[in-house]
Amino acid sequence: MDLKIAVLPGDGIGPEISEQGVAVMNAVCEKFGHQVSYQYALCGADAIDKVGDPFPEETFKICMDADAVLFSAVGDPKFDNDPTAKVRPEQGLLAMRKKLGLFANIRPVETFDCLIHKSPLKDELVRGADFICIRELTGGMYFGEKYQDDEKAYDTNAYTRPEIERILKVAYEYAMRRRKHLTVVDKANVLASSRLWRQVAKEMASQYPEVETDYMFVDNAAMRMIQDPRFFDVMVTENTFGDILTDEGSCITGSMGLLPSASTGEHTPVFEPIHGSWPQAKGLNIANPLAQILSVAMLFEYFNLKEEGALIRKAVNASLDANVRTPEIQVEGGERYGTIEVGQWIVDYIKKA
Ligand code: IPM
Ligand code: MN
């Protein structure tokens, strides 16, 4: 297969993990005989510094022209600490999501047996937890009408029926391929937007009789994820709730550095870790490249290249079993491997496989 990849390394640890993702992608393509080419493009704070726009038109064109985008991270403290900043790196990520029509964000929450102890939750609760959060990504408060002055501010949480229908369809399709259990997470006891979600979901449920659909308020879902994470198979929710619940989900897995995601929709799909740019770690060679590398696995799987994805997952598991791990997941007294060394170990494993 010919693959044209847009690479957006972004800020902070972004370029370091991006490099490892690309190295793994190259190793897999070489092994399976795929032709891959890369177009690098600016985004985030890096793009603001260089061209004054966190998602420049040129980057948009490169993304539109590619088969997939390998995205890393954006964000820089110099903007976080300045509430008056007119442009912010995160606007680049949001612009990319909106312009590429990436309405479905797929965030798997899985556990690795050898990392169960890394979760702050009890071993017997998290072992075997395996669910997918489908987060709506181009609507809700993130993109609704906003207002801010010194005395008053608001964000509008607007959703239309077609926006809800298309994301529920994605969720039902995932549920059909998995354990056929869908949990629709909302706040229908308070929010009008949530009531429309629930109404549409109830209508759609009858089209998927094989799927058991249940409805859960978001506060309750946040609790249930900690109390009984194995309850969930596929969860679907609006943008803001999905943002919050997936950070919580990373505590089930044990480290933010382990969670990949795929964002799909109308145009080129984007594969990215769920974590941010961790600016404090920039250049220290300590960031975990696994979320980025697993995003590459999701990229291959998106194109139905299952063996390629499976080999990456096998290599990642082998690296963990061999204790080739970045500091935040290393066992006590174990050798500390850097971003580069973990990536290289996985590349070597793939080459030898
Ligand atoms: C995420 C991030 C982004 C979001 C930020 C960086 C804008 O937290 O992808 O979860 O809120 O969507
Ligand atoms: Mn988030």
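**Figure 1. Overall view of the predicted chain and its burial.** Of the 353 residues, 54% count as buried. The model is a predicted one. The fold comprises 13 helices and 12 strands. The radius of gyration is 20 Å, close to the 20 Å given by the globule rule for 353 residues, so the chain is as compact as a globular protein of that length. Along the principal axes, the C-alpha atoms fill a box of roughly 55 × 50 × 40 Å. Among contacts in the chain with a separation of 6 or more, 74% join residues 24 or more positions apart.

**Figure 2. Surface and charge of the chain.** The chain exposes about 15300 Å², and carbon and sulfur atoms supply 52% of this area. Its side chains include 38 positive and 53 negative ones, and the centres of these two sets lie 3 Å apart.

**Figure 3. Helix H7 and the elements that cover its buried residues.** Helix H7 is formed by residues 161-177. Its 17 residues should span 24 Å at 1.5 Å a residue, and the end C-alpha atoms are 25 Å apart, which agrees with that expectation. The buried residues of H7 are Glu163, Ile164, Ile167, Leu168, Val170, Ala171, Tyr172 and Ala175. Their cover includes the strands S4 (104-110), S5 (130-136), S8 (181-186), S9 (212-217) and S10 (234-237). Helix H8 (192-205) also contributes to the cover of these residues.

Figure 4. Tyr174 is placed in H7. With a relative accessibility of 22%, Tyr174 counts as partly exposed; the cut-off for a buried residue is under 20%. When neighbours within four places in sequence are left aside, Tyr174 is in contact with Ile106, Ile132, Ile134 and Val234. The C-alpha atom of Tyr174 is separated by 12 Å from that of Asn105, a residue 69 positions away along the chain.

Figure 5. Lys180 belongs to the loop between H7 and S8. The phi angle of Lys180 is near 60°, a positive value in a residue other than glycine. The relative accessible area of Lys180 is 27%, and the residue is partly exposed.

**Figure 6. Asn304 in the loop between helices H11 and H12.** The loop that holds Asn304 lies between helix H11 (290-302) and helix H12 (306-321). Although Asn304 is not a glycine, its phi is positive, at about 65°. Asn304 counts as exposed, at 52% relative accessibility; the cut-off for an exposed residue is over 50%.

**Figure 7. Helix H12, its buried residues and its packing partners.** H12 has 16 residues, and the distance from its first C-alpha to its last is 22 Å, close to the 22 Å expected at 1.5 Å a residue. The buried residues of this helix are Glu308, Gly309, Leu311, Ile312, Ala315, Val316, Ala318, Ser319 and Leu320. They pack against three elements: helix H1 (14-32), H11 and helix H13 (339-352). Just after H12, Asn323 adopts a positive phi of about 60°.

Terms used: Residues numbered from 1 in each chain as written. Chains lettered and ligands numbered in written order. Predicted model: local features only at pLDDT ≥ 70, side-chain atom pairs only at ≥ 80, totals over all residues. Heavy atoms only, no water. Helix = DSSP H or I, 4+ residues; strand = E, 2+ residues; numbered from the N terminus. Rg over C-alpha atoms; globule rule 2.2 N^0.38 Å. Buried < 20%, exposed > 50% of the residue type's maximum accessible area, 1.4 Å probe, protein only. Contact = heavy atoms within 4.5 Å. Areas by Shrake-Rupley, 256 points an atom, 1.4 Å probe, with all protein chains shown as cover. Lys, Arg positive; Asp, Glu negative; His and termini not counted. Charge placed at Lys NZ, Arg CZ, Asp CG, Glu CD. Expected span 1.5 Å × (residues − 1).
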